[in-house]
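Biologist: Let us go through this model by question and answer. Please end each reply on the value or name I ask for.

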Amino acid sequence: MKLLEYEAKQLLVASDITIPSNSLVIDTATDTTTISLPTVIKSQVPVGGRGKSGGIKIIQKREELSDKIQELFTLAIQGFIPRYLLSEAVLDIDRELYILLTINRSDESIELIAHPQGGIEIESHSSEEFFKRDLSPVGFDALGDELADYYSLPDRAFLLGELVEKLYHCVIKNDATLLEINPLVLTKQGELIAGDCKMILDDAAHFRHPDWQFEEMPASANFVTLDSHGTVATIANGAGLAMATVDAVAKAGHIPANFLDIGGGATTATIIDSFTRISEFTQVTAIVINIFGGIVQCDTVAQAIIEARKKFPQLPRLYIRLSGNRKDEAATLLAIENLPLYDNLEACLKELAT
Ligand code: GDP
Ligand code: MN
């Protein structure tokens with residue numbers, strides 16, 4: 001389970017890790033006139049790269065505030081529209097550092113990975129450049145010294161040791177499999193503040209955390225853009241079937257626009273959400289839907305498709321293959337809408353070629 005930034009930061013605070021002050025989660029109904037300026041407002045979408053996509057805005061003037069907020073609420077980032085924004089005090093940044101804790105599966109330890117140049121270009125560094133250490137419950141002081149050396153911040157050794165210790169306990173306490181702070185901001189005043197946070201919790205540990213209540217990620221979180229100029233979009237359930245669908249579309253001579261696994265528990269909402277993602281691909285002329293009704297019932301899917309078509313009247317032509325539970329009921333529903341149902345993917349793609 002991947003958390004949104006504001007959710008992850010709440011867990012940081014509970015572990016006594018410093019986040020920017022004046023933190024406020026905003027929805028469209030929030031009275032924003034009380035926000036103190038300047039402020040940084042950040043789109044709460046489940047993907048990174050918001051800085052590069054216009055999803056982070058520093059606002060200095062009161063008269064800009066409501067327009068910028070409005071802009072952020074309507075800006076899709078990798079297809080995600082935020083339900084919330086996070087407003088925080090603007091940091092006076094001296095340096096942006098990178099720090100990550102993750103599970104090292106080869107030796108069952110928690111590994112620390114760091115880089116002295118954090119921020120939005122972190123992907124440009126090759127993996128050999130990063131500082132890596134397996135953590136153990138003791139020895140944080142020594143690690144603080146090492147890290148201070150690595151970051152060239154000799155007078156921050158104690159703070160860094162303390163921070164790593166808190167991050168380590170935060171990972172354990174929350175059954176996190178990943179905790180990334182990027183940027184870890186060194187302010188001009190010499191503080192270390194978590195400017196951004198990405199956290200993934202272990203779904204298998206849910207039973208230990210009855211209090212876990214995080215924003216449900218839409219099914220299209222398993223959406224991968226393959227080619228923004230693709231002409232055929234795909235919707236399938238199960239990663240294997242979704243991959244096979246993409247392959248079959250390519251083999252039939254088309255350019256698949258995307259991979260999408262809507263998962264086992266597809267509902268009307270998740271299917272409509274899938275169409276929302278696809279509708280951003282302007283060159284798509286056909287959508288191939290390939291669903292196996294195992295946990296999900298075919299007629300539920302059919303009903304959702306019908307509702308999605310009402311919501312998106314301009315939808316490209318649909319090529320639907322449903323198989324499994326309640327397929328006949330699905331066929332009846334789709335027939336009323338003049339939507340043919342194909343028995344297999346081959347028949348679907350044959351029709352697509354004509
Ligand atoms: P991401 O692009 O989704 O990882 O979003 P981040 O929250 O990491 O923000 C991206 C970049 O925006 C950071 O690396 C900073 O350079 C900049 N940024 C974010 N918050 C602040 C802030 O409070 N003050 C300043 N000066 N820059 C900020
Ligand atoms: Mn970031």
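Predicted model: local features only at pLDDT ≥ 70, side-chain atom pairs only at ≥ 80, totals over all residues.

Biologist: Which residue has a backbone N or O atom 2.9 Å from an oxygen atom of ligand 1?

Modeller: Ligand 1 has 18 residues around it. Those that come nearest are Lys42, Arg50, Gly51, Leu91 and Glu96. The backbone atom at 2.9 Å from a ligand oxygen belongs to leucine 91.

Biologist: What is omega for the peptide bond from leucine 37 to proline 38?

Modeller: Proline 38 sits in the loop between strand 1 (24-26) and strand 2 (39-43). The bond that reaches proline 38 from leucine 37 is cis. Its omega is near -5 degrees.

Biologist: What is phi of glutamate 108 near?

Modeller: Glutamate 108 belongs to the loop between strand 5 (93-104) and strand 6 (109-115). Its phi is positive, in a residue other than glycine. The value is near 55 degrees.

Biologist: Which side chain makes a polar contact with that of histidine 229?

Modeller: Histidine 229 is in the loop between strand 11 (223-225) and strand 12 (232-236). Its side chain is joined to another by a polar contact of 2.9 Å. The partner is glutamine 283.

Biologist: Now the helices. Why are helix 3 and helix 4 classed as they are, and what is the class?

Modeller: Helix 3 (residues 140-150) and helix 4 (residues 157-173) pack with their axes 7 Å apart, at about 120 degrees. Roughly perpendicular ends at 115 degrees, and roughly antiparallel starts over 145. The pair is therefore oblique.

Biologist: What is the handedness of that crossing of helix 3 and helix 4?

Modeller: On the helix 3 side, the contact includes Phe140, Leu143 and Leu147. Helix 4 brings residues including Leu160, Val164 and Tyr168. By class, the contact has eight nonpolar, two polar and two charged residues. The crossing is right-handed.

Biologist: How are helix 7 and helix 8 oriented to each other?

Modeller: Their axes are 7 Å apart, and the angle is about 20 degrees. Angles under 35 degrees count as roughly parallel. Helix 7 and helix 8 are therefore roughly parallel.

Biologist: How many charged residues are in the contact of helix 7 with helix 8?

Modeller: Cys298, Asp299, Ala302, Gln303 and Ile306 of helix 7 meet Lys327, Glu329, Ala330, Leu333 and Leu334 of helix 8. Six of the contact residues are nonpolar and one is polar. The charged ones number three.

Biologist: At roughly what angle do helix 6 and helix 7 cross?

Modeller: Helix 6 covers residues 268-278, and helix 7 covers residues 298-311. Their axes come within 9 Å. The crossing is right-handed. The angle is roughly 45 degrees.

Notes
Residues numbered from 1 in each chain as written. Chains lettered and ligands numbered in written order. Heavy atoms only, no water. Axes fitted to C-alpha atoms, helices over the stretch in contact; angles between N-to-C directions. Helix = DSSP H or I, 4+ residues; strand = E, 2+ residues; numbered from the N terminus. Left-handed = near helix turned anticlockwise from the far one by under 90°. Parallel < 35°, antiparallel > 145°, perpendicular 65-115°, else oblique. Contact = heavy atoms within 4.5 Å. Nonpolar A, V, L, I, M, F, W, Y, C, P; charged D, E, K, R; others polar. Polar contact = N/O pair within 3.5 Å; in protein donor to acceptor, adjacent residues only side chain to side chain. Near = heavy atom within 4 Å.
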